[in-house]
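Q: Please take a close look at one part of this model and describe its surroundings. Where does the residue of interest sit, what does it touch, and how are other parts of the chain arranged?

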Amino acid sequence: MTLLPALKQHFGYDTFRPLQEQIVRDALSGRDVFALMPTGGGKSLCFQLPALLRPGLTIVVSPLISLMKDQVDALRASGVPATFLNSTLDATEARARLRGLYNGEFRLLYVAPERLMLASFIEKVKEWNVAQIAIDEAHCISEWGHDFRPEYRELKKLRGLLPDVPIIALTATATERVREDILEQLKLRDPQVYVASFDRPNLTYRVVPKASPFDQLLAFLGERPNESGIVYCASRKSADSIASKLNAAGVPAKPYHAGLEPNERAANQEAFLRDDVRVVSATIAFGMGINKPNVRFVVHYDLPKNIESYYQETGRAGRDGLPSECVLLFSAGDVMKQTRFIDEKSESEARIAREQLRQMVHYAETRECRRTTLLRYFAEERPNEPCNGCDNCLNPQETFDGTIAAQKFISCVLRIQQRSGFAFGLNHIVEVLTGADTEAIRQRGHHEISTYGIGKELKREAWQALGRELLRLGLVEVAPGKFATVQVTAAGREALRERTPITLTKQPDKPTAKSRRRAGAIECDEALFEDLRLVRRDLADQRNVPAYVIFSDVALREMARSYPTSPAEFRRIPGVGEQKLKDFAKPFLAAINNYLETHPRRTRATAGSLA
């Protein structure tokens with residue numbers, strides 16, 4: 001079976017993205033499938049296209065009500081018979097949709113796991129000729145995942161309740177352990193397992209020293225006046241405060257966190273999806289299933305707790321494949337704050353949290369390619385070459401000969417342990433090095449050892465950063481346990497004994513200069529692009545849907561690059577299927593023809609810049 005005509009007819013694309021075609025073919029053959037694809041990799045199409053190419057109903061398990069409506073609006077705009085059932089529907093509308101399901105009017109049904117698993121609902125499902133069950137955000141079923149949801153756990157009963165229905169499980173983030181747990185919980189039978197690369201080439205990753213964070217954020221937003229994005233904060237109070245200060249500064253923003261009333265939360269999310277506000281300042285409560293493809297930046301105002309969350313949150317930028325930015329504001333103070341929270345946890349929880357925090361700090365402070373560091377966390381290696389998409393590759397950090405400073409640090413750790421018979425934490429070592437006069441130092445006689453005060457030439461923060469770098473280099477290690485004590489490794493002892501040269505990184509004292517990369521950029525006529533955005537906005541408002549349901553920024557940029565003036569030319573734009581050609585060609589072609597009456601076509605060389 002050739003799939004490309006159906007792909008173009010329904011979704012407007014001429015080619016598949018990596019792995020999509022293989023997954024679609026397996027789904028059509030009735031196999032169980034597990035697919036791990038990064039955000040923006042086209043997971044939804046893997047079950048939507050098969051649903052249109054065979055008889056029967058595909059049930060899509062989705063965790064969020066807002067996401068269901070978004071997905072169904074987008075499918076209907078493409079002429080696909082899809083619906084959802086959830087608590088937002090009144091009784092009359094719900095009955096009408098149920099009638100349609102009994103009559104075989106729909107190809108896709110979106111439903112939450114708790115509704116699907118009701119005994120009364122499963123009885124209905126058995127009468128609907130179900131061809132496949134697609135479980136989106138499948139990592140929610142695993143207790144090892146970063147977003148475990150107890151209601152997802154019930155889905156493990158599906159195999160027994162609907163033994164003949166094939167299952168496709170999809171997720172954007174899952175470590176090896178989580179993948180195995182998903183396969184086991186869902187009892188997938190001889191599944192085809194697909195794991196795409198975790199790399200998002202269109203994202204630029206930067207870590208900026210946190211100095212005056214709100215001023216830094218405002219300056220960042222000022223350089224991007226027409227772009228929208230998410231600012232992640234550690235607390236609800238911070239999310240409220242940032243939204244309020246941004247509005248006062250003329251940047252339309254809304255907060256989003258679990259402390260808001262559900263209606264206000266939903267309204268704020270909707271305002272962001274509709275481009276009524278540019279920025280959402282949010283806690284981690286915001287984001288799963290956010291289907292907005294043109295989020296151009298994600299700023300982490302505070303340090304995330306672990307790399308998995310960080311990857312998931314940054315992944316909400318640039319789902320459309322266009323260049324987008326991920327900025328982390330980093331300070332040692334944030335590390336200390338999180339350490340204090342961790343100290344209040346139980347010993348087993350604290351051990352895991354400390355290791356996760358250590359990995360996060362390693363990412364923030366590393367001088368190697370950030371993309372390499374991120375991918376390695378997910379057990380994926382990339383070539384040892386600059387990615388040209390992170391600050392360390394675009395603006396490599398300065399290094400210096402840190403041999404003497406490293407020797408002082410390592411000697412101090414050894415002398416303290418020699419004196420007391422046991423190890424101490426990083427802060428205590430730094431206080432001894434800088435000659436601090438504390439009760440802990442006097443009580444233990446550490447003011448009498450030879451390394452007391454030999455590091456007064458550096459500030460405490462510099463010694464702490466140096467200690468963390470020696471940890472990364474494997475010259476010292478942190479012992480497991482509550483007090484996270486620092487000990488010298490065999491490699492550290494040898495480096496001290498042999499006087500091995502040690503290269504260290506200079507700590508930046510100010511944010512690095514702006515640098516934006518263009519991987520995935522579509523050079524186009526920017527003035528026409530803005531005109532087309534207004535047309536899209538009007539059509540979206542008429543239909544009461546987010547703008548991206550009409551067309552993505554990618555489609556608009558292609559229009560503003562190739563200037564289609566006839567339906568045949570318009571049909572060649574990516575994302576233009578048969579239904580969208582019928583519904584939207586006229587207003588967009590009119591706007592393009594009007595524009596060309598007063599503006600010359602631009603060649604590639606003169607097209608507006610994306611910078």
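A: In this predicted model, D553 belongs to helix α26, which covers residues 553–562. Helices (H or I, at least four residues) and strands (E, at least two) are DSSP runs, numbered from the N terminus. D553 has a relative accessibility of 8%, so it counts as buried (under 20% relative accessible area; exposed is over 50%, partly exposed in between, with a 1.4 Å probe and protein chains only). Leaving aside residues up to four places away in sequence, D553 is in contact (heavy atoms within 4.5 Å) with N294, R296, D320, L322, F529 and R536.

Residues are numbered from 1 along each chain as its sequence is written, and side-chain values use heavy atoms, without hydrogens and water. Local features need pLDDT of at least 70 and side-chain atom pairs count only at pLDDT 80 or more, while totals for chains, interfaces and linings use all residues.

Y563 lies in the loop between α26 and α27 (567–571). Its phi is positive, about 45 degrees, although Y563 is not a glycine. The relative accessible area of Y563 is 3%, so this residue is buried. Another residue with positive phi that is not glycine is R499, at near 55 degrees. R499 is placed in the loop between α23 (490–498) and β18 (503–505). At 65% relative accessibility, R499 is therefore exposed.

Next come the strands. Six of them form an open sheet with parallel pairing, in the order β8-β13-β12-β9-β11-β10. Two strands pair if DSSP finds at least two bridges between them. The edges of this sheet are β8 (203–209) and β10 (253–256), each pairing on one side only. Between β8 and β13 (residues 324–330) there are seven bridges in the parallel sense. V208 has L329 of β13 opposite it.

Strand β6 (residues 167–171) is mostly covered, with five of its five residues buried. The cover extends to both faces: I167, A169 and T171 are buried on one side, and I168 and L170 on the other. β6 runs parallel to β1 (residues 33–36), to which four bridges join it. F34 has A169 of β6 as its bridge partner. Three bridges link β6 to β5 (residues 130–135), again in parallel. Opposite A134 stands I168 of β6.

Two helix pairs complete the description. Axes are lines fitted to C-alpha atoms, for helices over the stretch in contact, and angles run from 0 to 180 degrees between N-to-C directions. Helix α16 (residues 347–365) and helix α22 (residues 460–472) have axes that come within 11 Å and cross at roughly 105 degrees. α16 is therefore roughly perpendicular to α22 (65 to 115 degrees; under 35 is roughly parallel, over 145 roughly antiparallel and the rest oblique). R358, V361, H362 and E365 of α16 meet A465, R468, L471 and R472 of α22. In the other pair, helix α11 (residues 213–222) packs against helix α12 (residues 236–248) at an angle of about 50 degrees, with the axes 12 Å apart. That angle is why α11 is oblique to α12. From α11, the contact involves F214, L217, L218 and L221, and from α12 it involves I242, K245 and L246.
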